[in-house]
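User: Please take a close look at the aromatic pairs in this structure. Which rings pair, and how are they arranged?

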Amino acid sequence: GLGEILVYLSLIAIAGIFAFQTLNRGGVGNSILAKMILLPALMALFNARKRTGKSLLALLITLMVFLVGVMFNLTIGLPPQAPVLQINESKITLVETKASDLMEAGFDIYVRQGDGGSDYETLLADGSFQKYPGDKTVTIEKGFRLDSNAVPYALYLLVKDGIVLGSISFYGAEDQDVSLEDSKVIQVRFNKDSIEAAKKHSITFKLDELDLTKRLDLPLVQKTFKKHLWSIPPSHTSDVTQLWYGLKWSSNSDSLFWNEYYSLIRLDENYLMTDFELAAKITRDE
């Protein structure tokens, strides 16, 4: 009957919404999860015309599977929205922006040749780093890894008009080496020297529209990042090492189904940024 058909169509519509949301999340296994949610509703409608006692039991089981899928979908939460780092007019989205995109936007990538560790003023002049010509001669080794080195010791530097903006890290693939051009940005770091140089040359840094080169008072940071702000500086302290903001864009999936993102912003006594890191924790086949 019409009423029964409407029940089935409603079930399919609800399942379809959850399946569509799942497919739009950038993690491994999402297509399988979407099928788990959508197929029971479709099969229930297909089997309705030949219902018997056994098919009613099968329908009950499929409905249970559907409900489990929906509950699972609700439990792990919605996919976190990737933060956007903006340098002047150029935008960088972790795990989306490629090295080739940066080079097309006028950035240069420098590759470490030796031990690094030079003074900021001589990083590009003493041979510690060499400008990458974009000829696919550098590959990113398979697997996911972040760079824990300080900017002068990093593997790759991000440079704009001869100004070292900071260090940058890339990810190609889990199971094969990938050329640098085709690898995606997974980490960006600025230090005090690069931040001061950027200000001197009128280069601006923004994170989700928040100007990082200005004073970062707590109300302003809270207004911009809301629930993503998980750590704030103590209200009264003379210890500058305690002045930092912690940000995270995560869910309950622990990066099993989709990417997560983290940021640390260190401050001086005037609440001006002295150090910055934005990094991703990506889903990958294991």
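Analyst: In this predicted model, the count comes to six aromatic pairs. A pair of rings is described by the distance of the centres and the angle of the planes.

Take Y156 and F170. Their rings are edge-to-face, 5.7 Å centre to centre, with 80° between the planes. Y156 belongs to strand 6 (residues 156-160) and F170 to strand 7 (residues 163-171), so this pair ties together parts that are 14 residues apart in sequence. Both Y156 and F170 are buried.

Next come F225 and W249. They also form an edge-to-face pair. Here the figures are 6.1 Å centre to centre and 85° between the planes. F225 sits in helix 6 (residues 218-225), while W249 sits in strand 13 (residues 244-249). The pair therefore ties together parts that are 24 residues apart in sequence. How buried or exposed are the two residues? F225 has 1% relative accessibility, so it counts as buried. W249 counts as buried because its relative accessibility is 1%; the cut-off for buried is under 20%.

Ring pairs also build a cluster. Its members are F190, F205 and F276.

One further ring contact involves a charge. The charged end of K160 sits over the ring of F107, 4.8 Å from the ring centre. K160 falls within the residue range of strand 6 (156-160), the strand that holds Y156.

How values were computed:
Residues are numbered from 1 along each chain as its sequence is written. This is a predicted model: local features need pLDDT of at least 70, side-chain atom pairs count only at pLDDT 80 or more; totals for chains, interfaces and linings use all residues. Side-chain values use heavy atoms; hydrogens and water are left out. Rings of Phe, Tyr and Trp (its six-membered ring) pair if their centres lie within 6.5 Å; planes under 30 degrees apart count as stacked, over 60 as edge-to-face and the rest as tilted. Helices (H or I, at least four residues) and strands (E, at least two) are DSSP runs, numbered from the N terminus. Buried means under 20% relative accessible area, exposed over 50%, partly exposed in between (1.4 Å probe, protein chains only). A charge sits over a ring if NZ of Lys or CZ of Arg is within 6 Å of the ring centre and within 35 degrees of the ring normal.
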